[in-house]
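Q: Please take a close look at the ligand site for me. I'd like the contacts, then the pocket around them.

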Amino acid sequence: MTQPVHRIAVLASGHGSNLQALIDAIGQQRLPVELAGVFSDRPRAGALHRAEAAGVPAEAIRPADFATRAQFDEHLFTRIDRVQPDVIVCAGYMRLVSEREVSARLGRMINIHPSLLPAFKGLHTHQQALAAGVAEHGASVHFVSPELDGGPVISQARVPVLAGDDAAALARRVLEREHPLLVQTLRLFAQGRITLVANEVRLDGRALAAPLQMGHDNLLDSPLSQETA
Ligand code: GRF
């Protein structure tokens with residue numbers, strides 16, 4: 001058991017449906033954390049509007065206002081640190097974060113990625129999955145590391161790839177599973193049950209041999225005896 005997570009901050013560049021899933025879960029007492037702030041690199045991101053509508057502090061910081069990526073990231077994370085999050089959640093944040101900022105927050109930053117990592121890192125994951133002809137696809141929540149989409153994977157949700165699927169249809173099916181996956185995974189952080197130790201994901205202090213899997217009931221299955229509901 002480790003320190004329960006009480007405060008989170010969200011980084012998002014786009015539409016913000018994952019953020020909305022967190023806002024709804026917090027509002028319905030299904031996720032006992034405080035959303036301390038939402039940050040974006042795009043002033044017109046839908047995620048910022050969702051935060052404002054929910055009364056959550058929201059801030060856009062434009063990369064174009066900074067000479068270098070490092071300067072932008074330093075300013076961004078200084079602003080994030082001000083709201084004192086225990087965990088920073090990247091939910092549709094489309095920029096690679098500088099190694100300096102990531103290394104300073106190892107074990108405190110997570111990202112949701114629309115593939116079954118380590119397969120299909122980077123962009124256009126649904127096209128990649130279709131091109132590879134896989135029968136199963138999905139989403140992963142992982143710790144952020146300096147390597148893009150390369151940090152230890154905490155949890156995953158799977159979907160079938162169906163005949164006739166195009167990237168848009170697959171993306172919709174995956175996104176539907178991303179929302180409960182992110183909420184369920186953050187519940188474990190709120191309970192103080194997930195840690196990162198020596199680049200290994202631990203649940204209740206014990207190393208996970210494989211990522212937690214979300215069942216069709218949208219609950220995470222635990223390899224350990226104790227249920228994770
Ligand atoms: C999600 O598919 C997420 O996995 C990916 O970007 C998309 C963001 O969706 N990184 P939204 O902005 O949360 O709706």
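A: Start with Ser 17: an N or O atom in its side chain is 2.6 Å from an oxygen atom of the ligand. Bear in mind that this is a predicted model, where local features need pLDDT of at least 70 and side-chain atom pairs count only at pLDDT 80 or more, while totals for chains, interfaces and linings use all residues. Residues are numbered from 1 along each chain as its sequence is written, and side-chain values use heavy atoms, with hydrogens and water left out.

Glu 178 brings a polar side-chain atom to 2.7 Å from an oxygen of the ligand. (A polar contact here is a pair of N or O atoms within 3.5 Å.) On its own the ligand exposes 370 Å², and the protein buries 83% of that; the areas come from the Shrake-Rupley method with a 1.4 Å probe.

So who's in the shell, counting residues with a heavy atom within 4 Å of the ligand? Around it you'll find His 15, Gly 16, Ser 17, Asn 18, Gly 92, Ile 112, His 113, Pro 114, Leu 175 and Glu 178. By class that's 3 nonpolar, 6 polar and 1 charged. The classes put Ala, Val, Leu, Ile, Met, Phe, Trp, Tyr, Cys and Pro under nonpolar, Asp, Glu, Lys and Arg under charged, and the others, Gly among them, under polar.

Now zoom out a bit. The ligand sits in the largest pocket, in the sense that more than half of its atoms lie within 2 Å of the pocket's grid points. Two or more shell residues come from each of α1 (17-27), β5 (109-113) and α6 (167-190). Those labels are DSSP runs numbered from the N terminus: helices (H or I) of at least four residues, strands (E) of at least two.

The pocket is an open set of points on a 1 Å grid over the protein atoms alone, where a 1.4 Å probe fits, with protein on both sides within 12 Å along at least five of seven lines; lining residues have an atom within 4 Å of a point. Its volume is about 900 Å³, taken as the space filled by probe spheres set on the points. It has 34 lining residues, and Gly 92, Tyr 93, Met 94, Ile 112 and Pro 114 lie nearest its centre. The lining splits into 15 nonpolar, 15 polar and 4 charged. At least two lining residues each come from α1, β4 (87-91), β5, α5 (125-132) and α6.

Notes:
Near = heavy atom within 4 Å. Polar contact = N/O pair within 3.5 Å; in protein donor to acceptor, adjacent residues only side chain to side chain.
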